[in-house]
Amino acid sequence: MAKASKDERITLEGMQTTMGEQYGVNLITLNTAEKNIRLALDLPDTGAFCLVGLSGVGKTDTVRHVAKLASEELGEPVGCVTLMLSQLSEGDLQGLPYPDKTNNTSVRYPFKALPTQAAVDRGDFPKRGILFLDELNRATREVQQSAFQLIGEKKCGDSDIAEGWVVGCAINPEGGDYMVNRMDPAMINRMCFLAIRADAGVWLKWAEKHKVNSCVVDFIAANAGCLYDIEAQGDGKVFASPRSWVKLSKALDKLIANIYLERSGGDSNKEIELSYDELSRVIRDYYSYLGGYIGSNNLAIFTNFMS
């Protein structure tokens with residue numbers, strides 16, 4: 001497939017605007033998405049919700065975070081079960097057929113990971129939660145058809161999903177070189193769509209709250225356009241995204257911890273100082289590995305910023 005010229009390449013803003021227009025909904029930030037998902041958790045019988053957004057924007061983590069916050073708010077466990085539909089077969093969702101010799105018929109045993117009403121009654125799952133079907137439009141047609149019943153009726157074969165559980169989904173938008181299967185109108189009409197856009201300001205607040213490495217936070221604060229590298233993604237290269245910056249942060253935390261341990265000799269009370277310039281030299285020692293998260297061009301910009 002021929003690549004577009006530099007002038008024709010779509011921008012992050014353009015890609016996200018197209019995504020919103022494609023599904024006919026307004027773009028929202030992750031903060032707004034959290035509030036909407038929390039509402040959906042209180043309305044488990046009004047249908048499934050579907051998060052649409054670029055890869056690595058934070059869809060899955062947001063759903064898990066909502067379940068955690070709801071648990072703290074309600075003072076009781078709120079579950080979150082994530083199923084990667086691209087890795088499942090239709091039999092996983094429909095359940096395995098088993099002969100019922102007493103009634104000369106057959107029944108389907110549900111997938112153990114599903115929070116059915118029977119499983120909740122046994123105490124296997126909390127009474128409330130989110131059943132999150134990730135990568136819905138990366139699944140095969142057969143798996144999508146099996147998920148149709150979960151989305152539309154909260155049923156899996158012969159079993160009902162628990163009353164207090166809401167079904168949620170996540171997809172990548174069509175276009176932008178994503179290898180996805182188009183969903184038909186009947187599937188779309190059964191879900192509430194929330195189109196999420198990458199937003200540096202919102203991400204920075206999230207990053208500070210979740211203790212993302214301060215070097216990464218400072219860099220994105222000064223270089224908001226580097227949060228999501230849509231051009232590298234379009235070229236099929238390793239690209240920076242909110243998810244990959246968090247992975248880089250964890251790697252930096254480990255490298256810094258190793259330096260502190262070496263310099264302190266194991267003395268946790270000893271004060272150790274590490275300058276940005278020293279950290280940039282450490283980064284160069286692991287340049288290939290760290291560049292594998294965000295791409296070498298973004299790592300070069302990041303390293304120069306450190307020094």
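Modeller: Helices here are DSSP runs of H or I with at least four residues, strands are E runs of at least two, and both are numbered from the N terminus. By that rule the protein has 14 helices and 10 strands. This is a predicted model: local features need pLDDT of at least 70, side-chain atom pairs count only at pLDDT 80 or more, and totals for chains, interfaces and linings use all residues. Residues are numbered from 1 along each chain as its sequence is written, and side-chain values use heavy atoms, with hydrogens and water left out.

Colleague: Why is Lys-154 called buried?

Modeller: Buried means under 20% relative accessible area, exposed over 50%, partly exposed in between (1.4 Å probe, protein chains only). Lys-154 has 10%, so it is buried.

Colleague: Where does Lys-154 lie?

Modeller: In the loop between helix H6 (141–153) and strand E7 (155–156). Its phi is positive, about 55°, although Lys-154 is not a glycine.

Colleague: What makes Lys-211 exposed?

Modeller: Its relative accessible area is 69%, and the cut-off is over 50%, so Lys-211 counts as exposed. Lys-211 sits in the loop between helix H8 (200–209) and helix H9 (214–222). Phi of Lys-211 is also positive, near 60°, in a residue other than glycine.

Colleague: How many of the residues of the protein count as buried?

Modeller: Of 307 residues, 44%.

Colleague: Which share of contacts joins residues at least 24 apart?

Modeller: A contact means heavy atoms within 4.5 Å. Among contacts between residues at least 6 apart in sequence, 71% join residues at least 24 apart.
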